[in-house]
Amino acid sequence: MERSFGKMSENIITDVAQNRQWDAGGEKPDVWVNTVCGFCGSGCGIEVGLHQGQVVTLRGREDYPVNMGHLCIKGFYQWKALNSVERARNPMLRKDGRLVVVSWEEALAAIEKEIGETLLKAGPSSLGIYNTGQLTLEEYYVLGKLARGFIGTANIDASLRLCMSSASHALIRAFGADTAPGCYEDLDLADCILIFGSNPAEMFPQLWRRIRARQKKGAYLVVVDPRKTATARAANLHLPIKPGQNIPLLNSFLQVLFQKGLVDGNFVAEYTTGWEKLRDAVEEYTPEKVEDRVGIAANKIREAAVTFGEAPRATSIFMQGVFQSVGGADAANLIINLHLITGKIGRPGSSPLVLTGQANSMGCREAGGAASFVGMRNSLNPLHRGEVALAWGINEAILPQYTNNIFHMLEKIERGELQLLWNIASNPAVSLPNLAKVHQQLDKVFLIVQDIYYPMETAQFADVFLPAAGWGEKLGTFTNSERRVSLVEGFQAAPGEAKTDLEIFQLLAKRLGFGKSFGWSDSEKVFDEWKRLSANRPCDMGGISYNKLRSKGSIQWPCPDHNHGGTRRLFSDKKFFTGPNYSQLNEEDHNKLNKARIQPAKDILPLETPNEQYPFWLNTGRLLEHYHTRTKTKRVPELNRLISSAFFEINPLDAVRLAIRKGQWMKVVSPRGSIVLPAKVTDTAFPGQIFIPFHFGDLDPGEDRFNQAANRLTHEERDEHSSQPVLKLSVCRLEEIDDPTFCN
Ligand code: SF4
């Protein structure tokens, strides 16, 4: 097998916008189809170029407000992943220890039998579902309806658990609903942009292009990151925080704002609750008191806070460096508090902007495809439960009152309480922490894997495999990180016998005896049912239709009626979603006046810290060239050639001290396991810190020693509120290897 180290992404390629031509050597398109990108949650508009019905290229939609004709390399090449020879074409069933091709009839009959027996033996709590942020809203709606309303299971979660659950928790706590308050335009208008624990230069290249354009016009860019990323290098002020210290630093920002009188007293008094508690909680966190702990000089902390506070308009972006760190949900609330106490929300240029990593994470949260209840409702609220039961024609009692997340499900597998897990478009055998344990758990359960590729790591544990259609092979809607709903069009047929996820859900519903309630003829009919249930909810799509999306291009919710043009930013009227019988909050958390809730944070320490045996911090994260567990991007030759192997970043000082050469293969060892990777010697990593991209799994299926999954090293600590894993704070050491087959 090729063990090429690949070209590292020193030069960030954010823009192939002007590459408005078809692939060299390809045919000239005769038709262009409008759609949106299937990768990150920025949600860029795309035109797909077809020649005689075959895709030959993509280009950015010039009329689309997110990207205005621009695309990043991942978006540009994504169509090539569709045509991989490893696209799954047939259902498979495990027989005598091997997955063998069977008919749909045989595969569905096996699932029907297994689900039927499981439900009979142990009830709905013995069945679990784990999905993704990449299905269409319509598919999430149908899956949530089937799981909660007809099977009646509380076990439904998605890979959003790993990236968005702390954000969701914080947004619900602050605003009453899991919404995105602002919009991308706020980046074009802000005077100060605070980027905390995020690297948009690699993760969100099109938003980064807009941030840089605004910076050139004078906006002040503050970046908080323990690595010197491409984003940090471009900052006006980079604060290289010590790992695990987000809460004391944010408390200190807030202390400075209170102490300097940079608080909008009117806004706080009229439209928020809880500010006094916050003021008292942060009083002790003066910059001088926290500077050693967080690793940033007091004057720099003050400069960042004052710049934010004095800026007429300020927007913040915060991501996995916050959510996957210690106290993720609390820290997210502290960033929201920066906006609430300064009144920098609900007006142009001022918003807390939480971006989503996956193309339709927001759609999943809206439609109830995972942990949330359909239409951003509260599953404990009798009024909400009644609305849903009436719409679905079911007895309300079947609706679970709570949700078990994937970690609860894995624990239930260990205890023998969960017998069947249905994994859809997700790759937990690479993406979950402490993989050795996860693999044992996946081995113990009857596992259905539904995916667009075979082989893929999680399918190694499957009892049944169902081939699914991918982006570009089905019609539906996506919602991006600024609540912008767009149509994703199908422009080619799925390969072999693969079916859309929607078709598979309908077939299974019919098999289980629920066919009457799942009989839509197409996705538009599903959307029409969903939008009626979204009425009067924060994500109201009552005024959106497929026709309207085709003519307008995209619409931001809420859009309550046909004549409504959508809502650019929320809370301009300073009315939040916290009122009783409306919000996703539980009863005791409501406030009657729809005020935003200011929330202090608990200052807790990381589970493990570097020690004699494991002297390095281990941080994991993403690269521009790859997406999630690379199921798609490793099958795009142009992307895989750029980086075809994982690596570990190490600071030059540490490399010299340990005599590690550039490209030298080393064993990275944590208390959970080890992987072998080449060294990338770079000052992007600070001394004492190792960074590994998490995208990689099996480089060579079946050869365990070529498994590069960073999650073989990470631990299972989770946020106490959101259950999001603390993936960015483990410890490790480096060991030399003595194996000539690795390319030293
Ligand atoms: Fe796609 Fe995100 Fe790149 Fe835009 S920035 S083209 S949405 S991957």
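M409 lies in helix α20, which spans residues 406-414. The model is a predicted one. M409 has a relative accessibility of 0% and therefore counts as buried, since the cut-off for buried is under 20%.

What does M409 touch, leaving aside residues up to four places away in sequence? The contacts of M409 include G128 and I129, and also N155, I156 and D157. N404, L418 and L421 complete the list.

The view now widens to the domains. The domain assignment divides the protein chain into domain 1 (10-82), domain 2 (92-163 + 359-476 + 493-534), domain 3 (165-355) and domain 4 (616-736).

Domain 1 and domain 3 have C-alpha centres that lie 33 Å apart. Their contact draws on 14 residues from domain 1 and twelve residues from domain 3. Between domain 1 and domain 3, about 1000 Å² of area is buried, and carbon and sulfur atoms give 61% of that area. On the side of domain 1 that touches domain 3, the residues are eight nonpolar, five polar and one charged.

How many salt bridges are counted between domain 1 and domain 3? The count is zero. Polar contacts are found across this interface of domain 1 and domain 3, in six residue pairs with both residues at pLDDT 80 or more.

Definitions and conventions
Residues numbered from 1 in each chain as written. Predicted model: local features only at pLDDT ≥ 70, side-chain atom pairs only at ≥ 80, totals over all residues. Heavy atoms only, no water. Domains from an automatic or database assignment. Contact = heavy atoms within 4.5 Å. Buried area = accessible area lost by both parts, 1.4 Å probe. Salt bridge = Lys/Arg side-chain N within 4 Å of Asp/Glu carboxyl O. Polar contact = N/O pair within 3.5 Å; in protein donor to acceptor, adjacent residues only side chain to side chain. Nonpolar A, V, L, I, M, F, W, Y, C, P; charged D, E, K, R; others polar. Helix = DSSP H or I, 4+ residues; strand = E, 2+ residues; numbered from the N terminus. Buried < 20%, exposed > 50% of the residue type's maximum accessible area, 1.4 Å probe, protein only.
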